[in-house]
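Please look over the sequence and the structure shown here. The paragraphs that follow go through some parts of the model one after another.

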Amino acid sequence: MDQINRRKFLKSGAAGAAAIVVAGPVAGSSLVSRQDRKIIYRTLGRTGLKVPVVSMGVMRADNPGLVTACMENGINFFDTANGYQNGRNEEMLGTVLGAYPRDSFIITTKVKPAGVDRAGLPTAATTAASFEASFNTSLQRLKMDYVDILYVHDVSTTELVNYQPLLELLAKLKKQGKIRFSGISTHRNEPQVIELMIKNGQYDVVLTSYNFMQAYRDQVSEAVRKASEAGMGVVAMKTIAGGFLDRERTKPVNPSAALKWVLANPGLHTTIPGFTAFEHLQSVLPVLENITMTEQEKKDISVAETIAGLYCNGCQTCTASCPKNLPIPDIMRAYMYGYGYGSTLMAYNLLSEDGVGADPCGDCSICTAKCIKGFNIREKIADICRVVELPQEFLA
C-alpha cells in the first residue's frame with residue numbers, strides 16, 4: 001500500500017489488519033471509530049460471547065498496526081494458531097494486545113495434535129502431553145494466562161473428534177482456567193465432523209470451512225443450523241473461497257459478497273477472513289454494519305459459481321483413483337495458498353508436512369485421478385510442488 005493511503009488510513013483512526021486474499025477497497029467504504037459504527041453482533045452459542053459478524057483471521061498478518069486497526073474499528077475477535085509463521089503470529093498478537101484490557105478482546109488459538117496420520121486418525125504419537133506442551137508454548141508467546149477458545153486443529157474423523165486423551169485434557173485446561181471454551185477446527189468432512197461434535201456434547205465451538213464455492217455447501221449449511229440449535233458457537237473460515245478465481249490473480253472474489261453469503265445463515269455467528277493490508281480491512285468493514293446482499297453482489301456470486309476457481313472441497317474423491325495415494329486435497333490447498341493467498345511459505349510448509357516431493361507425479365504416464373470440480377490435478381500438482389525445492393529464505 002502506498003504511503004499516502006497509509007497516512008489517510010491512520011488519520012481515520014485505524015492502523016492495520018492482515019488477510020488471506022480479499023479484493024481491493026470497496027467504493028464508498030470508510031474507516032471510522034468503533035463508537036461511530038452500528039456493528040452487528042451475534043452470540044457465539046452457549047459461550048455467551050458477543051462477537052462481531054466479521055472478525056480477524058490473523059494467520060498471515062505480520063504488521064502490528066493491522067491488529068490495532070481492527071480493534072479501533074470494532075473487530076475484537078482474533079484467530080491464530082500454534083503453527084502460524086512458526087510461532088511469530090502468536091508473538092505479534094501477544095505484543096499488540098498486551099496494550100489492551102484483557103476483557104476488551106477475544107483470542108482463539110489452535111493446536112494440531114501430533115502424530116495424526118494422513119487419514120486423519122490418531123496414532124501412538126498423538127498424546128495429551130505433546131498437545132499440552134504446544135498449547136503452553138502458545139500461552140507463552142501470547143503473554144496471556146488463558147485463551148478464550150482453544151481448538152483441536154484440522155479434525156476430519158470420528159476417531160479424533162472422540163479421542164479421549166484430548167477430551168480429558170481440554171476438560172483439565174478448563175478447570176485450570178487456561179481456556180474458557182474448547183472447540184474443533186475442520187477443513188474436510190465438515191458436515192460429518194459437526195454432527196459428531198453435537199453428539200459428543202463436550203465441545204463449545206466449531207471453526208469450519210464454509211463458502212459459496214463448496215460443492216456440498218447445502219450439507220454444511222444444515223450442519224451449521226443444527227450446531228447452532230444445539231448451543232454450539234459456529235465460526236466460519238475459508239469464507240472468501242481462495243480469494244481469486246484464477247492462478248494469475250486477475251479475477252478476485254468479491255469479499256463483501258462472499259462474507260454476506262455466509263452470514264445469511266443465522267446459525268453462523270462470525271467469520272474470520274484474514275487481513276494482510278490496510279485496504280483489505282477497509283474492503284470488509286461495511287459488512288460489520290450491513291449483511292444484506294446488493295443486486296450486484298448477488299450477480300458476482302452467481303458468476304463466480306460457474307468458475308472452477310482455486311478452492312478445493314477436500315472431498316477426497318480424487319484420492320481413490322490416484323495409484324500413488326497422494327494427499328491431493330492437501331496439495332490443492334497448498335495450490336490455493338500459493339496462488340490465491342500469494343503465500344509460497346504456507347504452501348511449502350503444508351507440502352513439507354505431508355512429505356510431498358518436487359515432482360510426485362513424474363513417474364506416472366497417465367493421470368487417473370478425477371476431480372469433481374474439473375481441476376487439472378496433474379498440472380496443478382506439478383505447478384505448486386516446485387516450491388519444495390526453493391530455499392526457505394526465498395519464500396513469502
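In which loop does Arg-247 lie? Arg-247 is in the loop between strand 9 (233-237) and helix 9 (255-263); helices (H or I, at least four residues) and strands (E, at least two) are DSSP runs, numbered from the N terminus. The model is predicted: local features need pLDDT of at least 70, side-chain atom pairs count only at pLDDT 80 or more, and totals for chains, interfaces and linings use all residues. Residues are numbered from 1 along each chain as its sequence is written, and side-chain values use heavy atoms, with hydrogens and water left out.

Arg-247 counts as partly exposed because its relative accessibility is 33%; buried means under 20% relative accessible area, exposed over 50%, and partly exposed in between (1.4 Å probe, protein chains only). Leaving aside residues up to four places away in sequence, Arg-247 touches Leu-310, Tyr-335, Tyr-339, Asp-383 and Arg-386, where contact means heavy atoms within 4.5 Å. With Tyr-339 there is also a side-chain to side-chain polar contact of 3.1 Å. A polar contact is a pair of N or O atoms within 3.5 Å; within protein, one must be able to donate a hydrogen and the other to accept it, and residues adjacent in sequence count only if both atoms are side-chain atoms.

Five of the five residues of strand 9 are buried, so the strand is largely enclosed by the rest of the structure. On one side are Gly-233, Val-235 and Met-237, and on the other Val-234 and Ala-236. Strand 9 pairs with strand 8 in the parallel sense over five bridges (two strands pair if DSSP finds at least two bridges between them). In this pairing, Ser-209 stands opposite Met-237.

Strand 8 (205-209) is also among the elements that cover the buried residues of helix 7, including helix 6 (164-176) and helix 8 (217-229). The buried residues in helix 7 (residues 190-200) are Glu-190, Pro-191, Val-193, Ile-194, Met-197 and Asn-200. Just after helix 7, Gly-201 has a positive phi of about 80 degrees.

The open spaces come next. On a 1 Å grid over the protein atoms alone, a cavity is a set of points where a 1.4 Å probe fits but cannot get out, and a pocket is an open set with protein on both sides within 12 Å along at least five of seven lines; lining residues have an atom within 4 Å of a point. Grid points are joined across faces, edges and corners, and a volume is the space filled by probe spheres set on the points.

The largest pocket holds about 880 Å³ of space. Its lining has 42 residues, and Met-59, Gly-83, Tyr-84, Tyr-337 and Met-346 are the closest to its centre. Helix 13 gives the most to this lining, with five residues.

The second largest pocket has a volume of about 210 Å³. Helix 12 and helix 13 each supply at least two residues of its lining, and the residues there include Asp-330, Arg-333, Glu-353 and Asp-354.

How many cavities of 30 Å³ or more are there? The count is three, and the largest cavity has about 130 Å³ of space. Of the 13 residues that line the largest cavity, His-187, Cys-312, Gly-314, Pro-329 and Arg-333 lie nearest its centre. Helix 12 gives the largest share of this lining, five residues.
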